[in-house]
Amino acid sequence: MATVVLTVVGGAIAGPIGAAVGAMAGRAIDDQLFAGPPREGPRLRELQVQLSSYGAAIPKLFGSMRVAGTVIWATDLREAATTSGKGSSRVRQYSYSASFAVALSARPIRGIGRIWAEGKLLRGAAGDWKTRTGFRWYPGDEAQAPDPLIESIVGIGRAPAHRGIAYAVFEDLALADFGNRIPSLTFEVIADDGAVPVGRIAEVLGDGAIRAENAGPALIGYAASGARVRDAVAALVDPLGGWYAPDGEGTLLRIGAGAARTIVDDGPVGEAPEWRRAPMVPSDVAIAYHDIARDYQAGVQQVLRPGGARRMLRVELPAVLDAAGAAAIAGELAARAVLAGEVRTVVLDWRSIDIAAGDRVTIAGEAGLWRVRRTRIEAMRVTIELVRIATTTLPAPAAVGQARLAADVVAGRTQLMLVELPAEAGDSVPSVAAVAAGTREGWRRAMLLTGDDAGGWTEIGESAAPAVVGTVMLPPGAASALIEDRRNIIEVTLLHDAMTLAGIDGIGLDRGGNAAQVGDEIVQFAHAERIGPARWRLSELWRGRRGTAAAMTGHEAGEAFVLLDPATLRRIEEPVPAVGQTLTAMAVGIAADDVATATIRPAGQGLVPPAPVHLTVEIRGGMLEVRWIRCVRGTVAWRDGTGVPIGEEREAYRVTLGDGRIVEVAEPLLRIAPPIAPLTVAVRQIGTNGASASAIQTYRPETK
């Protein structure tokens, strides 16, 4: 420091008095160094913009702070492809992931809390991830080893350990939620346990050159950066009213009141020098800071003078505070601004030569505390300029407002089910879909795999949107599939209360809406009523939909409930499902240990036509006439109002008579001679992949 050099030179030339003079000159230089031209210290906005440019400054973090960091290593995007759909509708989809490292602090840290991506939470307060990724972090100590992923890519012995730099590594971060690009990230970094006093921060940054006279106010967090140490320290100390004084070979930091020397102002001894001072204009005060209650986003506290002021003093404090703490600092700043114009010049005799810039003094017979701003020795007189030290604060009620924070919802555990869907016309293999959901509302998706532990697992892509699934608590009784069931209701409990159901009108039902698999039956419901947390009552039911026949047999409590929303169904194309063979799927959630498996043995019932309906057996024109209406598998639009496509290679039916005869016909009509005894008639449609179930009717001759 200049103080040290000039003190030694002065002592060598003129003894103790010369040393004192040299020290005073040096102290004036020090004072000018710390109060020199505008500094380039940290700004609030810089902490929210992630950088990757070479030579970017890495801040030193204290307490708890939210920072963007600097990308110090990254791979190219990793591409994966999956195919879904059938025939001409097959779609090849691509997903991307990336691996990269982000430097966070130039001093050691204790942990990483929440992480935001594009302003939304990527990692929650509970440590849960919202998107699938591998993650690890390094504290920045001198013992940390190179990251294994980086080393595996750049080569053994060629990866830096980044000792002294705290950093985080993402491995295969899924980019689907971020437009298939690396998102802008910010990190909640915990560098120290609890709040950190300003004095301690200054001492750490000064690395022995600065000593704090007292601890000073405590900050929740602080990010120190800048081209020079004084930039980082001054950006923190100046808004708090701190100043510096000589301290041997170093610098002493002082804030607020403390021990003071008493001087006597008997009036000027000779003429006081003319020191040029900037005109002081009363001002309002606004202080910007990182608000802990707003997830470290910028907050502002103001102190407004009655009647309005001619200017606004705006201060950016790159520290984390709560609203009350920031308001208190704003009040102190406003109080200092009021007293800043109260400057006093005192001329003392040579016995006060040891008074130095930065000292506190009181004036005998007067109230108040003063700081020595500068000194001058001339003609055996010591002239000192004093600035009033504010010992009170102006009232500054904290403005809190309404914080709008990123939602932090937990995903819970992944749940997976496999369902066999009604086959469409032309299908030759069962249609199986995976439906996945989570036990908590934050769940979004999972990676799907098929196979088994013995033969290995094959990744088939991601699940569809979260499904609405649950358990049947009150099952429906038996009912006809031919008319609306207004007698039975279904009560279900969904996985969590954020899952919802809604009613629809008849047109929506006719278009296939609100279809749900209840056990082995597909049911549609017109009305849904919430009757408790995650519990719903369904009524006005359409039963036995899409060829399912469980409507006549009833159900049991505990059966699975799955809303068959097309947006939530992920059809499994590979391996090709086969009738009677077990298919196993696995869903891997965001967390590495979040794994769910499900199995199904497709019955293939959707591959054959449904049983004919409206079977009638009656005498017409002297013949026993058997008529029926065929049903089409799958969902087919009724376009012309008269009929629907057959959906099979040919139209064929097998009629089995109770007397042992079997007749095959190519139309829904059979005429035979009238029997003299009761005759049971069973009709099955012959489909491409097999025969339907039977429609049965018994003819009973009239007795006279």
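Guide: We will look at some helices and then at a neighbouring topic, a sheet.

First, some ground rules. This is a predicted model, where local features need pLDDT of at least 70, side-chain atom pairs count only at pLDDT 80 or more, and totals for chains, interfaces and linings use all residues. Residues are numbered from 1 along each chain as its sequence is written, and side-chain values use heavy atoms, with hydrogens and water left out.

For the setting, the protein chain has six helices and 44 strands; helices (H or I, at least four residues) and strands (E, at least two) are DSSP runs, numbered from the N terminus. Of its 704 residues, 45% are buried, where buried means under 20% relative accessible area, exposed over 50%, and partly exposed in between (1.4 Å probe, protein chains only).

Now to our helices. The axes of α3 (residues 198-206) and α4 (residues 229-237) come within 9 Å and cross at roughly 170°. Here, axes are lines fitted to C-alpha atoms, for helices over the stretch in contact, and angles run from 0 to 180 degrees between N-to-C directions. The two helices are therefore roughly antiparallel to each other; angles over 145 degrees count that way, while those under 35 are roughly parallel, 65 to 115 roughly perpendicular and the rest oblique. Where they meet, Val198, Ile201, Ala202, Leu205 and Gly206 of α3 face Val229, Ala232, Val233, Leu236 and Val237 of α4, a contact being heavy atoms within 4.5 Å. An α-helix has 3.6 residues a turn, so residues three or four places apart point the same way. Helix α4 is mostly covered, with eight of its nine residues buried; among them are Arg230 and Asp231.

Most residues other than glycine have a negative phi. Aspartate 207 is exposed, with a relative accessible area of 69%. Aspartate 295, in the loop between β17 and β18, also has a positive phi, near 55°, but counts as buried at 5% relative accessibility.

Buried residues of α5 include Ala323, Ile329 and Leu333, and their cover includes β17 (284-291), β18 (298-303) and β19 (312-321).

Finally, the sheet: five strands form an open one in the order β16-β21-β22-β23-β20, with mixed pairing. Strands pair if DSSP finds at least two bridges between them. At the edges, β16 (261-263) and β20 (343-349) have a single partner strand each, so one side of each is left without a neighbour in the sheet. Within the sheet, β22 (residues 370-378) and β23 (residues 381-388) pair in the antiparallel sense over eight bridges. Arginine 376 stands opposite threonine 383 in β23.
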